Amino acid sequence: MSDNQIRPLAGVRVLELGNYIAAPTAGRMLADFGAEVIKVERPGTGDELRNWRLYAGSTSMLYRTINRNKKSIVLDLKTERGREIVLELLRHCDVLLENFRPGTLEKWGLGPERIDEANPNLVITRISAFGQTGPMSERPGFAAVAEAYGGLRELVGDPDRPPVRTGVSIGDSIAGIYAAFGTVMALFQRERAKIPLPQRIIDVALNESILSVMESLIPDYLAYGVQRRRVGGRMEGIAPSNAYPCADGTSIIVAGNGDAIYQRYMRIIGRPDLADDPDLQTNAGRWARRDELDEAISAWTSRHTRDEALKLLDEAGVPSGPIYTAADICQDQQYEARNMIQHFDVDTGGNEPQPVGFPGIVPVIGGASLPIRNVGPDLGEHTHEVLSTLLGLADDEIEDLT
């Protein structure tokens with residue numbers, strides 16, 4: 001299989017002006033599948049993500065993960081020369097990817113119209129809290145705020161407690177995925193016809209990205225007046241599906257809400273009375289008695305260790321699984337078989353680099369995760385290579401820029 005077959009975006013060049021997680025996630029996805037992604041970072045500190053969750057060393061594993069397969073160059077976009085270099089680079093690129101506050105690029109003289117003069121075929125992908133238009137467009141905002149505006153935060157947690165957040169920046173990641181999809185869509189369209197500037201601007205808002213994955217939240221409200229509420233480990237209107245405690249202090253997830261699955265489920269836990277109850281033959285009836293069902297299931301799981309319970313459920317064809325920690329994931333044979341943990345020697349703050357596993361590339365092509373070419377680069381690692389090769393700048397010019 002040729003390199004282009006396994007890296008379908010080979011030959012695409014992206015200039016990434018993104019910080020934090022959203023735009024860099026989009027850049028990571030494009031880079032994973034072969035695009036040359038040149039990440040522009042500010043002198044001295046670079047992307048602030050370099051210091052997020054930095055336990056030791058000089059660069060966080062979070063940065064190394066989200067900025068894998070990219071090149072890092074240093075430019076000061078607050079200087080006229082730095083902005084000139086950006087325009088010169090864009091003449092050699094297919095995509096500009098950015099997540100500044102709306103109006104920032106325009107203030108720097110790098111708005112879409114100016115960029116279009118430099119490269120009339122460029123795809124411009126912009127990620128912001130609320131989008132590039134509308135009354136809230138100029139407001140700043142991180143994923144936590146967008147998750148609240150998009151309706152997600154109201155549904156996360158237990159009903160008798162304030163809303164909580166997920167353990168990752170899910171809003172940024174979802175927006176980054178949409179941005180990558182929008183970019184590839186525009187590149188595909190560009191191959192078929194000359195595309196005017198407005199159609200080459202991909203406008204991704206964090207709050208809208210969250211709203212788009214909220215399933216039928218809005219139609220249920222408008223059609224039936226339903227206001228969905230937090231239901232803890234459950235899913236609104238679906239039962240029985242929850243986390244249940246085991247005898248060894250662990251918990252498992254069991255999704256036994258399908259009608260036929262429910263029958264097998266109740267019999268394996270020794271409750272044929274619940275399996276045969278006429279009021280529990282449909283999901284609506286089971287949801288109405290969800291507390292009773294969860295109590296019966298918990299009584300059964302509490303008598304078994306995690307492995308015992310999962311073995312019995314698997315034999316009965318009931319979907320279930322352990323609640324993995326990072327340690328569990330690192331030892332899992334399924335992830336290993338599909339190359340989903342890939343190891344690199346990186347600086348962890350000690351005298352010598354240490355082998356560290358990083359999550360593999362999704363989606364899989366050819367049966368296993370494509371190999372990661374490199375983890376997130378050191379600050380400015382590729383400045384000389386990029387500026388000398390693409391722009392022909394001399395060494396002293398490059399030194400002056402950095």
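## Nonpolar surface patch

Tyr221 has a relative accessible area of 41% and is therefore partly exposed, a class lying between buried (under 20% relative accessible area) and exposed (over 50%), with a 1.4 Å probe and protein chains only. This is a predicted model, in which local features need pLDDT of at least 70 and side-chain atom pairs count only at pLDDT 80 or more, while totals for chains, interfaces and linings use all residues. Residues are numbered from 1 along each chain as its sequence is written, and side-chain values use heavy atoms, with hydrogens and water left out.

Tyr221 lies in helix α10. Together with Leu211, Ile218 and Leu222, Tyr221 forms a nonpolar surface patch with about 400 Å² of accessible area. Patch members have over 30% relative accessible area and no salt bridge; nonpolar side chains (Val, Leu, Ile, Met, Phe, Trp, Tyr) are joined within 5 Å and like charges within 9 Å. The areas come from the Shrake-Rupley method with a 1.4 Å probe, and for residues only the protein chains shown count as cover. A salt bridge is a side-chain nitrogen of Lys or Arg within 4 Å of a carboxyl oxygen of Asp or Glu. Helix α10, residues 217-224, gives the most to this patch, with three residues.

## Charged surface patches

A positive patch brings together Arg42, Lys78, Arg101 and Lys107. Arg101 sits in the loop between β4 (95-98) and α5 (104-107), and its relative accessibility of 47% makes Arg101 partly exposed. Lys and Arg count as positive and Asp and Glu as negative, with His and the chain ends not counted. Each charge is placed at NZ of Lys, CZ of Arg, CG of Asp or CD of Glu.

## Cysteines

The count of disulfides is zero, where a disulfide is a pair of cysteine sulfur atoms within 2.5 Å. Cys246 is buried, with 8% relative accessibility, whereas Cys330 is exposed, with a relative accessible area of 59%.

## Overall architecture

The chain contains 19 helices and eleven strands. Helices (H or I, at least four residues) and strands (E, at least two) are DSSP runs numbered from the N terminus. Of the 402 residues in the chain, 46% are buried. The C-alpha trace spans about 80 × 55 × 40 Å along its principal axes.
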